[in-house]
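Have a look at the sequence and the fold first.

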Amino acid sequence: MMESSGGPYLNTAAVASPVGVARLLQVAFGCTTFSLVAHQGGFSAAYGTFCMFVWCFCFAVTIFIITCEFTRLHSCLSISWGNFTAAFAMLATLMSITAAVIYPLYFAQFGCYSISCKVRDFRIAASVFAGLMFIAYAVEVFLTRAKPGQVTNYMATVSGLLKIVQAFVACIIFGALVNDSQYSNYVATQWCVAVYSFCFVVTVVVVGFKVTGRTAMLRCPFERFVVIYTFVAILMYVSAAVIWPVFCFDSKYGSPWRPYQCSQGKCPWDSQLVIAIFTYVNLVLYIVDLAYSQRIRFVSHP
């Protein structure tokens with residue numbers, strides 16, 4: 001005789017709720033996008049490979065999340081599931097919008113000059129579905145974000161979401177650094193690299209602590225640690241925001257204008273400009289993060 005269970009094994013809300021529907025759309029749009037590209041659209045070089053990686057990675061992780069929530073297997077994992085899904089949704093939003101901009105910029109075109117019209121149509125369709133995929137992830141972030149006065153997971157708060165954005169912006173900076181930025185020319189610019197690296201590593205550690213639910217390992221309250229670190233990161237980024245432009249664009253050390261002999265895509269000045277811009281972007285993000293870190297209240301969830 002079969003024993004009655006304490007409850008259903010399958011969680012239909014995982015696919016029937018607004019968040020569940022958004023995730024199903026993410027899977028559908030992601031699968032359609034990389035299928036169109038792989039079948040006929042095509043991709044090449046580092047930009048195309050990055051886009052293909054983003055679509056496949058986001059598709060795979062979203063399938064994993066839907067499967068775990070639908071079968072309730074996430075309760076068997078030793079991580080903070082709410083923090084994990086919130087962090088991934090924000091990361092996927094940033095990655096998907098990057099791919100949705102890069103792919104049509106480098107591969108899509110309205111004419112059939114260098115490619116067949118069939119390939120052109122596939123690339124335009126892939127670009128459209130890449131944009132829809134980004135919207136689906138942005139909708140999930142909107143639906144799961146912390147509401148005013150609500151007790152929720154840290155990664156769903158503004159401060160938690162900003163941590164993902166800060167780490168993503170740092171990755172953009174690193175990409176520009178390795179693209180012939182000539183940061184090794186001066187000790188001062190090497191200090192800036194140290195600032196970017198230190199803040200990136202600590203930000204990733206903070207996210208890792210929340211996702212794995214290991215904040216108890218810290219010898220001080222997690223909220224205090226986050227506030228102190230964010231304040232230190234602001235001071236360090238202020239120094240980088242002053243030093244980097246001086247040693248790259250002042251006429252004594254570099255060039256205030258783009259050298260005319262620089263080739264497109266292989267110009268150190270371009271990389272230095274990208275780094276300068278995103279240094280200020282991250283500085284603003286850390287300032288906003290510090291402001292919100294003073295106001296949030298959250299609890300840990302298994």
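This is a predicted model: local features need pLDDT of at least 70, side-chain atom pairs count only at pLDDT 80 or more; totals for chains, interfaces and linings use all residues.

Residues are numbered from 1 along each chain as its sequence is written, and side-chain values use heavy atoms, with hydrogens and water left out.

Let's begin inside. A nonpolar core here is a set of buried Ala, Val, Leu, Ile, Met, Phe, Trp, Tyr and Cys residues joined through side-chain atoms within 4.5 Å; buried means under 20% relative accessible area, exposed over 50%, and partly exposed in between, with a 1.4 Å probe and protein chains only. The largest such core has 78 residues, and Trp55, Tyr196, Cys199, Tyr237 and Trp244 have the most contacts inside it. Among the elements giving two or more residues to this core are helix 2 (18-41), helix 5 (117-144) and helix 9 (268-293). Helices are DSSP runs of H or I with at least four residues, numbered from the N terminus. Beyond its neighbours within four places in sequence, Tyr237 is in contact (heavy atoms within 4.5 Å) with residues including Tyr196, Cys199 and Tyr286.

Now to the rings. The structure holds 17 aromatic pairs. Rings of Phe, Tyr and Trp (its six-membered ring) pair if their centres lie within 6.5 Å; planes under 30 degrees apart count as stacked, over 60 as edge-to-face and the rest as tilted. Tyr47 and Tyr106 are stacked, because their ring centres are 4.1 Å apart and their planes at 15 degrees. Tyr47 belongs to helix 3 and Tyr106 to helix 4, so this pair ties together parts 59 residues apart in sequence. Tyr47 is partly exposed at 41%, and Tyr106 is partly exposed at 46%. Phe249 and Trp269, by contrast, form an edge-to-face pair, with centres 5.6 Å apart and planes at 70 degrees. Both Phe249 and Trp269 are buried.

Charges also meet rings: Arg145 lies over the face of Phe142, 4.1 Å from the ring centre. This calls for NZ of Lys or CZ of Arg within 6 Å of the ring centre and within 35 degrees of the ring normal.

Finally, the backbone. Most residues other than glycine have a negative phi. Ala45, however, has a positive phi of about 65 degrees; Ala45 is found in helix 3 and counts as exposed at 55% relative accessibility.
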